[in-house]
Amino acid sequence: MENRIDKLFKRKERDILSVYYTAGFPKRDDTLPLARALETSGVDMLELGMPFSDPLADGPVIQQSSEIAIRNGMCIEVLFQQLSALRQLVTIPVVLMGYYNPVLQYGVKAFAERASALGVDGVIIPDLPLDEYEANYRHLFETLNLRMIFLITPQTSEDRIRKIAQLSGGFIYAVSSASVTGSSGSVVSEREVYLKRLASMDLKKPVLVGFGIRTREDRLGVRPYAAGVIVGTAYIKAISEGDTNEQTYSFIQNLQV
Amino acid sequence: MTSTYHINENGFYGAFGGAYIPELLYANVEILRLNYKRIIHSDEFQQVFRQLLKDYVGRPSPLYYAERLSKHYNARVFLKREDLNHTGAHKINNTIGQILMAQRLGKTRIIAETGAGQHGVATATVCALMGLPCVVYMGAVDIERQAPNVERMRLLGAEVRAVHSGSKTLKDATNEAIRDWISHPEDTHYIIGSVVGPHPYPDMVALFQSVISEEIKSQLEEQAGKVHPDYVVACVGGGSNAAGAFYHFMDVPQVKLIAAEAAGKGIDSGHTAATVAIGAPGIIHGSKTLLMQDKDGQITEPYSISAGLDYPGIGPLHAHLAQTGRAMVIPVTDTEALEAGYELCCMEGIIPALESAHALACLKKLELNPDDTIVVNLSGRGDKDLETYINNLPHGK
């Protein structure tokens, strides 16, 4: 079967909206109902965060959602149990995102096999080194039709961007500015210069822009240079209070372009 | 000579080490990785570094033959007096080295993490010395219990930022410093306080601390007529003082390396920081090493009476030394450390830091011969721990 991420980017070249949220937040069993609500609201792709006690690249909002999710009992095993019904309820691509240590303890091979069997399409492990992926896991992930997605930042050198573009599966995750998740975001003009530079590199892989993206205006600003955006912190803030379904619909409504 | 115990070209000590960092940190760490050896080994750097260690830190620190302690343990016990350094601990050896490194990399702003505040004070000190702005991240809980060191840092001109995430202690202060570095990739250097973090930090910090064992060798030769002791004993939290004390002896098999780790209330008590005893391999703060974690790979909370050993990981060098059996790791409880601390006070007139007291407690646990020569690294002085010592005094004293 064709990977859902690849299919999405073939079908849609602009305005892709991917939403990140922490599995097991605000309640342990919210993972799938939220996935369903997001798909119904018109989201193109989901990134399910696997909570970690020490999320180095995340700001306070995702840190807190991770803490609460862990307290709720969320872990990779519980997430996989929840995902057993994933493909009966959700058709859009799903990416699992989490730090390396929990995956390492679960066992990378067992993790990848189980994720693939459950209908997961891609994985993001921000602290997994490129070399280690290439040497130990690339073959495994490719065999399982799982896309391993890598990040680039405004500080990533041109040579390294090209290497990452070649290794990254499905798309390239471009961090919009030097910051952790949920910061006030980049100066729009600086972001534009960076995205223009990326666009001019002709990377042959779609680029999604994340970190500090939270409004409709952000989406429109990215439109000329990239295939779409990833929204995380702003959505987690939105579902932290009130009815999660209602909050999801109105949040996504406000993001429509 | 090829060594099994030094870092390989990929930044690994055997199975441990490496740089497990998000791309957001890659450029920062890469600049350091590409330049640190060249800079450290340049004549210019060495000249300035050595001069500051001598005139500002007060090195060489004495190697003191502890006569009464020797009589008591029926062996020849030497204390390497890192407690006599400026700012009262070995930490300054590293911060002097790293501030010089930062200057040579063109960095204009310094950040650091601190637990007990010793590394924070040592960083604030060198920043004052060099006129660089300094931000120290410190867990809110530690700020509360280490108030005098907070005041010291502020007096030295540093900004102390309270960390309210997670357990509000050293691990979280380190996370927050790393997040700051992610947000300031151009102008900032992160002075890590121990032999932890992504490559090249463990190797760089060990190099700066290696002056300890370099001095031990020459001092021992002068005082005891031999270059190699039978034992070198040091405490290990992250492990920087132990790395420095072991460094020039790692490849000399007849020197037994003893690492004292903090057992807290006992290794099975659930209140411990004995990483080697109860930890498992994993990733913490950018390095593959042994760490305390639950079955899901979440990092667990350490506990020790000594704030400087209260860390859920251990430097990758020490994980390697422990795993290969090159170093013997001995868990020491709070009570054993306190007893060893009181003993040194009364027997030698030296109040040791609680961290160093863990190393001293090993004297009781080793089977020593009368002609054995033991060097205990007295990594810091106990002024900061007075309250703990006094509150825990046994009845009748």
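A polar contact is taken here as a pair of N or O atoms within 3.5 Å; within protein, one atom must be able to donate a hydrogen and the other to accept it, and residues adjacent in sequence count only if both atoms are side-chain atoms. By this rule, 18 residue pairs are in polar contact between chain B and chain A, both residues being at pLDDT 80 or more. The model is predicted, with local features requiring pLDDT of at least 70 and side-chain atom pairs counting only at pLDDT 80 or more, while totals for chains, interfaces and linings use all residues; side-chain values use heavy atoms, and hydrogens and water are left out. Residues are numbered from 1 along each chain as its sequence is written, and chains are lettered from A and ligands numbered from 1 in the order in which they are written.

The interface of the two chains was examined next. Contact (heavy atoms within 4.5 Å) involves 31 residues of chain B and 33 residues of chain A. The size of an interface is often given as the accessible area lost when the parts come together. Buried area is used in that sense: the accessible area (1.4 Å probe) that two parts lose on being put together, summed over both. Between chain B and chain A it is about 2,600 Å², with 55% on carbon and sulfur atoms. Three salt bridges cross this interface. A salt bridge requires a side-chain nitrogen of Lys or Arg within 4 Å of a carboxyl oxygen of Asp or Glu. R160(A) pairs in this way with E23(B), with 2.7 Å between the closest N and O atoms.

Helices (H or I, at least four residues) and strands (E, at least two) are DSSP runs numbered from the N terminus. On the side of chain B that touches chain A, at least two residues each come from helix 1 (23-40), helix 8, strand 11 (280-284) and strand 12 (287-291) of chain B. Helix 8 of chain B supplies the largest share, seven residues. The class count for this side of chain B is 14 nonpolar, nine polar and eight charged residues. Ala, Val, Leu, Ile, Met, Phe, Trp, Tyr, Cys and Pro count as nonpolar, Asp, Glu, Lys and Arg as charged, and the others, Gly among them, as polar.

Chain B itself is split into domain 1 (27-52 + 91-204) and domain 2 (58-88 + 211-391). These bounds come from an automatic or database domain assignment. The C-alpha centres of the two domains of chain B are 23 Å apart. In domain 1 of chain B, 25 residues are in contact with 28 residues of domain 2 of chain B. The two domains of chain B bury about 2,100 Å² between them, and carbon and sulfur atoms give 57% of this area. N93(B), K171(B) and V195(B) account for 26% of the area that domain 1 of chain B buries against domain 2 of chain B, more than any other three residues.

Three salt bridges span the interface of domain 1 and domain 2 of chain B. R50(B) and E214(B) form a salt bridge at 2.8 Å, N to O. On the domain 1 side, helix 4 (91-104), helix 5 (118-130) and helix 8 (170-183) of chain B are the elements that give two or more residues. Helix 8 of chain B gives the most, with five. The residues on this side of domain 1 of chain B comprise ten nonpolar, eleven polar and four charged.

Over all chains, the salt bridges number 42. One of them joins R114(A) and E77(A) at 3.4 Å, N to O. R114(A) is in helix 7 (residues 108-117) and E77(A) in helix 4 (residues 76-82) of chain A, 37 residues apart, and the pair links distant parts of the chain. Buried means under 20% relative accessible area, exposed over 50%, and partly exposed in between (1.4 Å probe, protein chains only). R114(A) is partly exposed at 29%, and E77(A) is partly exposed at 30%.

E158(A) and R162(A) meet in a salt bridge at 3.3 Å, N to O. Both lie in helix 9 (residues 158-167) of chain A, four residues apart, about one turn of the helix. In chain B, D310(B) bridges to R145(B), with the closest N and O atoms 3.4 Å apart. D310(B) lies in the loop between strand 12 and helix 13 (316-323) and R145(B) in helix 6 (residues 140-145) of chain B, so the pair ties together parts 165 residues apart in sequence. D310(B) is buried at 7% relative accessible area, whereas R145(B) is partly exposed at 42%. A network of salt bridges links D54(A), K171(B), D172(B) and E301(B).
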